Amino acid sequence: MEHTLNIDKKYITPIDFPDYPAIESFLDECTNDEALQFLDTHRKALLKIYRLAQSHGENNAISFARKYCKENNIKLNPFGNGNRKTAVPSTYRKVGETCPSSCPYLGTVCLAQKFLVDMQAKRAHDEWMPAFVTMTICALVAVANGIKAREKVSGDFYKNGSELDLDYISSLITLGQWLKKNLKNYDGVYGWTYTHIDPEEIGEYIVALEAAGLKVLTSDRLVAGGAIITEYKDVPKLRKHTDVKLIKCLAELSDNYSCRNCDLCSQAKDMNACIVFKAKDKKTIKHSPFAGLFN
Ligand code: SF4
């Protein structure tokens, strides 16, 4: 039986990311001088975090990083080794201020506004610098162990709830360039994240972030490099409406998987794949553009 896909075309239309044949010059244009100065000033301590993570484990490296930042009055956002599902170094930003108001989950079913994540998100600073320093530590700890860091479990790339936080975005581009220059045997990808910001607005920066080593999935878009929330029963029906592979999150399918040993999200775009997360309750089904489509 044919199922009609009754959804706004923008959610399933391939995203037209700008093409930069000379991406390196665009990356140079995006350099955040203040972030670069921080990285170079604290280079010795940052490389120690990396080496400690390799030789004495992630917790030791994180303890040293926290102590060093406290002694040097460097502000940090909450961060840690993730939950059972992620199990990798992960950061948090404030929800609301950093999110686009168009996000269908904001103030309704956003998981970052619940329980422990909500507590962490509320403790995050407003400014970009602590978010950048925290991601730097997480990236170093992750890369030292051959994994990737999860950039902002909560929040997004906005500031003041209405405009792109270009200082923060450029700091993450600068971080990627710095890691390439300072780490030996680094494969060039330090983390991954998701954004609800319209690709029309953030597209050129997604290209730059990815070239610098942070993979960015577009939430609520059935496209290569997208991530959607739907009911599993609808996945076979959705497959008939797209050439993009729909891959269910492995950590949701089996306790044997977490982002630590999966890594599909950071490869989704290259695999022409969109990651599917399960709509867990009726409220989420109500708010997700991809849930409740075929009832
Ligand atoms: S698909 Fe893999 S990498 Fe993505 S969220 Fe699930 S476990 Fe993590």
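This is a predicted model: local features need pLDDT of at least 70, side-chain atom pairs count only at pLDDT 80 or more; totals for chains, interfaces and linings use all residues.
Helices are DSSP runs of H or I with at least four residues, numbered from the N terminus. The residues around the ligand include C249, L250 and A251. Y257, S258, C259 and C262 also belong to the set. By class, nine residues of the shell are nonpolar, one is polar and one is charged.

The protein chain is divided into two parts, domain 1 (24–195) and domain 2 (220–295). Their C-alpha centres lie 25 Å apart. Domain 1 gives 15 residues to the contact, and domain 2 gives 14 residues. On the side of domain 1 that touches domain 2, nine residues are nonpolar, two are polar and four are charged.

Helix α2 spans residues 33–41, and its buried residues are A35, F38 and L39. Seen down the axis of α2, these buried residues fall within an arc of 95°, so they line one face of the helix. An α-helix has 3.6 residues a turn, so residues three or four places apart point the same way. The face of α2 turned away from the buried side carries the exposed residues D33, Q37, D40 and T41. Cover for the buried residues of α2 comes from elements including α3 (43–56), α6 (128–144) and α7 (166–182).

Strand β7 covers residues 214–219 and is mostly covered, with six of its six residues buried. Both faces of β7 are covered. On one side, L214, V216 and T218 are buried. On the other, K215, L217 and S219 are buried. Strand β6 (residues 191–195) runs parallel to β7, and five bridges join the two. Within this pairing, T195 stands opposite T218 of β7.

Residue I285 has its place in helix α12 (residues 282–287). I285 counts as partly exposed because it has 19 C-beta neighbours inside 10 Å, and a buried residue needs 20 or more. Neighbours within four places in sequence aside, I285 is in contact with E231, A279, A291 and G292. T174 and I285 are 111 residues apart in sequence. In space, the two are 38 Å apart, C-alpha to C-alpha.

Two asparagines have a positive phi. For N73, which is not a glycine, phi is positive at about 50°. N73 is found in the loop between α4 (58–71) and β1 (79–80). With 6 C-beta neighbours inside 10 Å, N73 counts as exposed. For N160, also a residue other than glycine, phi is positive and near 55°. N160 lies in the loop between β4 (158–159) and β5 (163–164). N160 counts as exposed because 10 C-beta neighbours lie inside 10 Å, and the exposed class holds residues with 12 or fewer.

Definitions and conventions:
Residues are numbered from 1 along each chain as its sequence is written. Domain bounds come from an automatic or database domain assignment. Two residues are in contact if their C-beta atoms, placed from the backbone, lie within 7 Å. Ala, Val, Leu, Ile, Met, Phe, Trp, Tyr, Cys and Pro count as nonpolar, Asp, Glu, Lys and Arg as charged, and the others, Gly among them, as polar. A residue is near a molecule or strand if its C-beta atom, placed from the backbone, lies within 6 Å of it. The arc is that of the directions from the helix axis to the C-beta atoms. Two strands pair if DSSP finds at least two bridges between them.
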